[in-house]
Amino acid sequence: MLLGCIGDDFTGSSDLANTLAKAGMRTVQYSGVPQGPADPQVQAGVVSLKTRSIPAADAIAQSLKALEWLQAQGCEQIYFKYCSTFDSTADGNIGPVAEALADALDARAVIVCPAFPGTGRSIYQGHLFVKDVLLSESGMQNHPLTPMTDPDIRRVLATQSSGPVGHVDAATVLTGAQAIRARLDTEFAAGKRLIVVDALQDADLMQIGAAAKGLELVTGGSGAALGLPINFGITARDSTSWTGEHGKCVVLSGSCSIATRGQIAHHKMSHPAMEVSADMLFGREITAQTAADWAMNAEGLPLVYSSADPEAVKVAQDKYGRDESAEKFEHFFADVARMCTEQGARKLLTAGGETSGAVVEGLSLTQLEIGPEIDPGVPALRAREGLVLALKSGNFGSVEYFEKAAKILDGTQP
């Protein structure tokens, strides 16, 4: 294994695995830290954790355990993957985990670059944009667990870190890899180990990747990994064939993002949908069994969703508690997924990082084979014989994503 990756959620990890596989690396996504050694043919291993919203100390402990396993596989470089919208709070977990990994690796300058131009995420003068608006105006300010109200990644990271945060500006990035590396070295010499790097286009990410050659630790969204495979002498190759699975497909969505709510509204116009509210769950008006039975008996492409607008989410959190609400829905979706597969579902689509993580853990999946890309950042995945799935970040995907994903999982659309 050449490149060892640690992802703080399951959707982001599949996004990263997709990026590396497209760039030519033989990539496997693991659910949690594996118990045994990796297949020697694997060039990039992505250990998927569920550490984005847990206490920072727990996130650090799990990440260091993943690091230990990846080092045992012989990895030459470590990549810490987090969301391209830098989902975190004043307490972490991006800064604390990045610093802990840097300490364990005795790392020099550490790149911090959540940019992903393919999905509209760019960084300019240290500020994160989502398409043409600042992060704090993109809808992420209403995220139920990690509201992002400051678009300046340097300031956000500084509140989570023990040391000062550096910066490589866009003008330097446009000059190329040598200039980027020189600025990284200068910032590190000035006592700044975590260094935010601007990126506006994929070409910038390729130069950042070249500048990262030989660095012990790199951090970012999946986009910042775009230029890493070539450092190991690996270039893109034809992807392996994808056969898919025929049979029942069920959609499960716990994401409250603007993109996912738009996808749900579009999907409901021609497919059956069941909305599940916090009141329904806490009041026991619905159970995972009734939802699974409904989905398996419904025609077409059934959707079970809890996605709601920010006002409704806040009301539920105030009534039942933020953590209690999140845990209730995660257990619900994990149980629905398990019951649907037990009843014969062969394809699952999930929307939302926490929902996807709960489903993967609920199904006790250990590793995922990377298939074709459905939309930027979202690959098809094979869990095992008879089960394929797609784990979508809430903000990703076109408006008709669910229908498109189902066809690709089925193997009827390349």
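Is Y82 buried or exposed? Y82 counts as buried, because its relative accessibility is 0%. Buried means under 20% relative accessible area, exposed over 50%, and partly exposed in between, with a 1.4 Å probe and protein chains only.

## About the model

This is a predicted model, in which local features need pLDDT of at least 70, side-chain atom pairs count only at pLDDT 80 or more, and totals for chains, interfaces and linings use all residues. Residues are numbered from 1 along each chain as its sequence is written, and side-chain values use heavy atoms, with hydrogens and water left out.

## Overall shape

The chain has 414 residues and a radius of gyration of 20 Å. A compact globule of that length would have a value near 22 Å, so the chain agrees with the rule. The radius is taken over C-alpha atoms, and the rule is 2.2 Å times the number of residues to the power 0.38. Along the principal axes, the C-alpha atoms fill a box of roughly 60 × 45 × 35 Å.

Buried residues make up 58% of the chain. Consider contacts with a separation of 6 or more: 75% of them join residues 24 or more positions apart. A contact means heavy atoms within 4.5 Å. The chain holds 14 helices and 18 strands. These are DSSP runs numbered from the N terminus: helices are H or I with at least four residues, strands are E with at least two.

Strands pair if DSSP finds at least two bridges between them. Two bridges join β7 (residues 127–130) to β8. In general, strands of a sheet pair through backbone hydrogen bonds, either parallel or antiparallel.

## S88 in its loop

S88 lies in the loop between β4 (77–81) and α3 (94–105). S88 counts as buried, because its relative accessibility is 2%. Its side chain makes a 2.9 Å polar contact with the side chain of Q160. The S88 side chain also reaches the backbone oxygen of F86, at 3.0 Å. A polar contact is a pair of N or O atoms within 3.5 Å; within protein, one must be able to donate a hydrogen and the other to accept it, and residues adjacent in sequence count only if both atoms are side-chain atoms.

Leaving out residues up to four places away in sequence, S88 touches N93, I94, T146, P147, M148, V156 and Q160.

## Aromatic rings and charges

Rings of Phe, Tyr and Trp (its six-membered ring) pair if their centres lie within 6.5 Å; planes under 30 degrees apart count as stacked, over 60 as edge-to-face and the rest as tilted. By this rule there are seven aromatic pairs. F80 and Y82 have ring centres 5.4 Å apart and planes at 75°, so they are edge-to-face. F80 is buried at 2% relative accessibility. F80, Y82 and F86 form one aromatic cluster.

F332 and F333 also pair edge-to-face, at 5.2 Å centre to centre and 70° between the planes. F332 is buried at 5% relative accessible area, and F333 is buried at 1%.

The rule asks for NZ of Lys or CZ of Arg within 6 Å of the ring centre and within 35 degrees of the ring normal. The charged end of R382 sits over the ring of W242, 5.7 Å from its centre. K392 lies over the face of Y401, 5.8 Å from the ring centre.
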